Every structure is written in C-alpha cells, then in structure tokens.
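This briefing is meant to be read next to the model. It takes the chain as a whole and then turns to its parts.

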Amino acid sequence: PATSTSLGTTDDAGATVFAIASTDPVGTNPDHLPQLFAWDAATGAATQITAWDRGVRPDDWGPSVSDDGTWVAVVSSSDPLGSNPGG
C-alpha cells in the first residue's frame with residue numbers, strides 16, 4: 001500500500017522528531033493507518049505513540065510539540081477517549 005509521512009517537528013532540544021506516518025517502522029502498524037511516531041534524532045530508533053482505530057488525521061502540517069517535548073498535539077478522526085463517536 002502507498003504510505004506517507006507528514007512534516008516532522010522536534011522538541012526544543014532537538015532530541016526527538018515527531019511525525020504522522022502510515023508506515024510500519026517498528027512492526028506495530030500492520031494496517032498502515034496514519035499514526036503518531038517519535039524518532040530518536042541521534043539513533044533513528046522509532047516508537048509508535050498512537051494506535052487509534054481510525055488513525056491520526058494526516059494533515060500536511062504534522063504534529064505540534066511543546067518546548068519540553070512533554071505534550072504532542074495532533075488532529076484525530078478517531079475516538080481515543082470515547083467522546084468523539086462521530087470522528
């Protein structure tokens with residue numbers, strides 16, 4: 001299947017790159033849904049952050065990250081907290 005990756009953004013330290021991708025870099029996204037991933041900038045090691053049933057909306061601008069990397073915001077069509085049944 002065709003895959004895509006959004007624009008990436010880093011935390012203030014530049015240690016972690018966050019992006020929305022429909023790839024399966026760590027074997028945890030076999031359906032290739034757009035999900036939020038984090039990559040270690042030094043090693044390139046990836047971590048899948050979300051595993052939402054409808055994925056993260058793959059907008060052109062990608063995620064937004066707080067300066068300290070504690071908070072990451074994405075636009076979602078999923079229902080991760082049970083309060084967005086209509087997507």
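The structure is a predicted model. Its protein chain contains 6 strands and 0 helices, so the pattern along the sequence is written β-β-β-β-β-β.

**Confidence**

- The protein chain has a mean pLDDT of 85, and 93% of its residues reach 70 or more.
- Among the elements of the chain, strand 4 (residues 46-48) has the highest mean pLDDT, at 95.
- The lowest mean pLDDT among the elements, 86, belongs to strand 6 (residues 72-73).
- Where pLDDT is low, the predicted coordinates should not be read in detail.

**Overall form**

- The radius of gyration of the protein chain is 13 Å, which agrees with the value near 12 Å that a compact globule of 87 residues would have.
- Taken along the principal axes, the box filled by the C-alpha atoms is roughly 35 × 30 × 20 Å.
- Of the 87 residues in the protein chain, 26% are buried.
- The chain exposes about 5,100 Å², and carbon and sulfur atoms supply 53% of that area.
- Among contacts with a separation of 6 or more, 30% join residues 24 or more positions apart.

- An open sheet is formed by 4 strands in the order 1-2-3-4, with antiparallel pairing.
- Strand 1 (9-10) and strand 4 stand at the edges; each has a single partner strand, so one side of each is left without a neighbour in the sheet.
- Strands of a sheet pair through backbone hydrogen bonds, either parallel or antiparallel.
- The antiparallel pairing of strand 1 with strand 2 runs over 2 bridges.
- Threonine 10 stands opposite valine 17, a residue of strand 2.

**The nonpolar core**

- The largest nonpolar core has 6 residues in all: Phe18, Ile20, Leu36, Ala38, Val56 and Val65.
- Strand 2 and strand 3 each supply at least two residues of this core.
- In soluble globular proteins, nonpolar side chains tend to be buried together.

**A loop residue with positive phi**

- Histidine 32 lies in the loop that runs between strand 2 (16-21) and strand 3 (35-40).
- The phi of histidine 32 is positive, about 55°, although this residue is not a glycine.
- Histidine 32 has a relative accessible area of 26%, so it counts as partly exposed.

Terms used
Residues numbered from 1 in each chain as written. Predicted model: local features only at pLDDT ≥ 70, side-chain atom pairs only at ≥ 80, totals over all residues. Heavy atoms only, no water. Rg over C-alpha atoms; globule rule 2.2 N^0.38 Å. Buried < 20%, exposed > 50% of the residue type's maximum accessible area, 1.4 Å probe, protein only. Contact = heavy atoms within 4.5 Å. Areas by Shrake-Rupley, 256 points an atom, 1.4 Å probe, with all protein chains shown as cover. Core = buried A, V, L, I, M, F, W, Y, C linked by side-chain atoms within 4.5 Å. pLDDT = per-residue confidence, 0-100. Pairing = 2+ DSSP bridges.
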